Amino acid sequence: METIPYKKIAGFILGIALGILTTFFLKMDLIAVVLGALFSVFLAGSDQGREGALFGFLSGGSVGLYLAIRNLIIHNMEVTIDILPSLLTSVILSGAMGTLYGFLTGKLKPLYDKGQGPFF
């Protein structure tokens with residue numbers, strides 16, 4: 001059985017925390033989801049596309065769930081069963097955005113480490 005290194009767990013938790021903290025400073029929630037996913041991938045030290053996509057989905061989905069619950073609280077909406085599809089949609093769409101950026105970051109990070117990345 002393979003154990004998970006503490007660096008990856010810490011990267012995942014700190015990525016979510018930094019993504020949520022970003023929502024307090026930026027008014028664009030999409031950027032907070034993307035930055036949370038990127039923080040998570042970089043802090044975990046992910047150098048594979050698949051692993052970066054997993055960290056991106058988990059952190060992006062968590063930040064998206066936070067944003068959906070925050071909007072429910074701000075608008076004083078009642079919590080009923082009708083809200084579950086919107087919460088699930090928020091998690092899936094935010095997770096998909098985090099997956100995209102996590103995958104690209106996981107693929108490009110080893111190239112930058114070797115000095116072979118695309119330099120703009």
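Predicted model: local features only at pLDDT ≥ 70, side-chain atom pairs only at ≥ 80, totals over all residues.
A residue is called buried when its relative accessible area is under 20%, exposed when that area is over 50%, and partly exposed in between (1.4 Å probe, protein chains only). The legends below use these words throughout.

Figure 1. Residues are numbered from 1 along each chain as its sequence is written, and side-chain values use heavy atoms, with hydrogens and water left out. The protein contains four helices and zero strands; helices (H or I, at least four residues) and strands (E, at least two) are DSSP runs, numbered from the N terminus. Along the sequence, the pattern is α-α-α-α. The C-alpha atoms fill a box of roughly 50 × 40 × 20 Å, taken along the principal axes. Of the 120 residues in the protein, 35% are buried. Contact means heavy atoms within 4.5 Å; among contacts with a separation of 6 or more, 72% join residues 24 or more positions apart. The average pLDDT, the predictor's confidence in each residue from 0 to 100, is 84, and 93% of the residues score at least 70. Among the elements, H1 has the highest mean pLDDT (88) and H4 the lowest (85).

Figure 2. Thr22 is found in helix H1. Its relative accessibility is 11%, so Thr22 counts as buried. Not counting residues up to four places away in sequence, Thr22 touches Ala32, Leu35 and Phe39. Thr22 and Ala32 are ten residues apart in sequence, and their C-alpha atoms are 5.4 Å apart in space.

Figure 3. Ser40 is found in helix H2, whereas Ser59 lies in helix H3 (residues 49-74). Ser40 counts as buried because its relative accessibility is 0%. Ser59 is likewise buried, with a relative accessible area of 0%. Leaving aside neighbours within four places in sequence, Ser40 is in contact with Gly11, Phe12, Gly15, Phe55 and Ser59. With neighbours left out in the same way, the contacts of Ser59 are Phe12, Ile16, Gly36, Ala37 and Ser40. A polar atom of the Ser59 side chain also lies 2.9 Å from the backbone oxygen of Phe55.

Figure 4. A salt bridge is a side-chain nitrogen of Lys or Arg within 4 Å of a carboxyl oxygen of Asp or Glu. By this rule, the count comes to two salt bridges. One of them joins the side chains of Glu51 and Lys8, at 3.0 Å from N to O. Glu51 lies in helix H3 and Lys8 in helix H1 (residues 6-25), so this pair ties together parts that are 43 residues apart in sequence. Both Glu51 and Lys8 are buried. The side chains of Arg70 and Asp29 also meet in a salt bridge, at 3.2 Å from N to O. This pair links distant parts of the chain, with Arg70 in helix H3 and Asp29 in helix H2, 41 residues apart. Asp29 counts as partly exposed because its relative accessibility is 24%.

Figure 5. Helix H4 (residues 84-114) has 31 residues and reaches 45 Å from its first C-alpha to its last. This span is close to the 45 Å expected at 1.5 Å a residue, where the expected span is 1.5 Å times one less than the number of residues. H4 bends by about 30° at Leu108, and a proline, Pro110, follows within four residues. The bend at a residue is the angle between axes fitted to the seven residues ending there and the seven starting there. The buried residues of H4 include Leu87, Ser90, Ser94, Gly98, Thr105 and Lys109. An α-helix has 3.6 residues a turn, so residues three or four places apart point the same way. Helix H2 (29-44) and H3 are among the parts that cover the buried residues of H4. After H4 comes Gly115, whose phi is positive, near 80°.

**Figure 6. Ile73 in helix H3, with Lys114.** Ile73 lies in helix H3. Its relative accessibility is 59%, so Ile73 counts as exposed. Ile73 and Lys114 are 41 residues apart in sequence, and their C-alpha atoms are 46 Å apart in space.

Note on methods: Polar contact = N/O pair within 3.5 Å; in protein donor to acceptor, adjacent residues only side chain to side chain.
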